[in-house]
Amino acid sequence: MDISIEIQEALRDGVLQNIEINTIETLVDDRNQLLAEMNRVLERVVEQLNIYLNSQNQNSFAEMMADEILGYGPLRPLLEDETVSDILVNGPENIYIERAGKLELTKCRFINNNQLTDIAKRLVQKVGRRLDEGRPLVDARLHDGSRLNVAIPPIALDGTSISIRKFGKSNIELSDLIRMNAMSGQMANFLIIAARCRVNIIISGGTGSGKTTLLNALSKYIDPSERIITMEDAAELRMMQPHVLRMETRLAGVENTGQITMRALLINSLRMRPDRIIVGECRGEESFEMLQAMNTGHDGSMSTLHANNPRDAISRLENMVMMAGMNIPMESIRRNIVSAINIVIQVSRLNDGSRKVMNISEVMGIEGDRVILQDIFTFQSQSDRDENGKIKGEFINHGLLMRSTVMRNAVMFNVSDDLKHIFGME
């Protein structure tokens, strides 16, 4: 729009003062009728303010106001774009998106921080949360499953911040990850067997590295007869099995009551006869209960956590268990981890935008004061890149499969012949 910010601010204030709430509420389900109503209101405002708008600018501004009333404002086209995976708003003038693993600045803008904050509050209200000076941070899930995080001043110094992790509409399978060169066929086959024969798996990686995507893909190979209970802060998992009970944490209400923590969900889930427990992400003291569950008959359980490599993942688990306040000696914590965790999968988003399974490592035991890890598969990058600017490298099988926990479990679950066939061991 070729309209100055001052005029846009005046027009927006005028439209908001002249709209009839009762009329608008009847039109929110029909964007075309809402747009027509916005044009009628805008004509009155233009006349009141004695401002000239050509038809193109008037239609554009009416669309912007219709989008704002519907709750998304300038973000609507970005939310409708299926190639966009993340939307990151850093104040009214800086809206970034992630597309194909790369961040880029868009041309979308908010009029000012007041408009941005109003839209953020509408988004939060839609999911039953509160956003104000008393609660300036909100983490929630939109109705379509997308992850929403909002921070407003004075917490956000440069204006209101909105981060939206869009919910994928299609399930990505291991075959898709092979096609995208995120892993090798051998790695995928190994993970299929691992999921089938009930080994406990931790998926480690950074933000946006594909942890949840891989966890969803692995769930396809869980026996359909098993009862799965999932626990998340904001529901993102899409289990591909019929018997799934999903649970979500809850923040405290206005009177600071009613909070349901991940730890509380985990403790309660043990009374619900689960075969497998899936924790969307381990962040703190709930790690103690997760390890206990893995050690007490809930084999095949899975979780994700943030770490840079498998060694750091084990260290983070140690630290998170200590947060439970049980005063457990470090040696006991490590023994719990070793007996509970079988496989650590490390995923990363590389600087070319691609996502890779960097390591599949097995937890072997304890030596001295260290948990021993053994790499079964790794990705080894090369210094040069291909013609598309993508990092070149190869997935390496270290030839240690026959000694792995997966092989031992495969014998018990009568899938050892599958392993031998897959890896040419006959």
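The model is predicted, so local features need pLDDT of at least 70 and side-chain atom pairs count only at pLDDT 80 or more, while totals for chains, interfaces and linings use all residues. Residues are numbered from 1 along each chain as its sequence is written, and side-chain values use heavy atoms, with hydrogens and water left out.

Next, select residues 5-18, the whole of α1. Helices here are DSSP runs of H or I with at least four residues, strands are runs of E with at least two, and both are numbered from the N terminus. Helix α1 has 14 residues and reaches 20 Å from its first C-alpha to its last, close to the expected 20 Å; the expected span is 1.5 Å times one less than the number of residues.

Now colour Q8, L11, R12, G14 and V15, which are buried in α1; buried means under 20% relative accessible area. Seen down the axis of α1, the buried residues fall within an arc of 165°, so they line one face of the helix. The arc is taken from the directions running from the helix axis to the C-beta atoms. An α-helix has 3.6 residues a turn, so residues three or four places apart point the same way.

Which helices pack against the buried residues of α1? They are α3 (31-49), α4 (55-70) and α6 (113-126), where contact means heavy atoms within 4.5 Å.

Keep α4 and α6 in view. They pack at an angle of about 40°, with their axes 9 Å apart. That makes α4 oblique to α6, a label for angles that are not under 35 degrees (roughly parallel), over 145 (roughly antiparallel) or 65 to 115 (roughly perpendicular). Axes are lines fitted to C-alpha atoms, for helices over the stretch in contact, and angles run from 0 to 180 degrees between N-to-C directions. Select M64, E68, I69 and L70 in α4, which meet Q115, D118, I119, R122 and K126 in α6.

Move on to α11, residues 286-295. Eight of its 10 residues are buried, so α11 is largely enclosed by the rest of the structure. The buried residues of α11 include F288, M290 and L291, and their packing partners include β7 (201-205) and α12 (310-322). Just after α11, select G297, which takes a positive phi of about 95°.

Finally, show the whole protein chain, with its 15 helices and 15 strands.

Methods. Buried means under 20% relative accessible area, exposed over 50%, partly exposed in between (1.4 Å probe, protein chains only).
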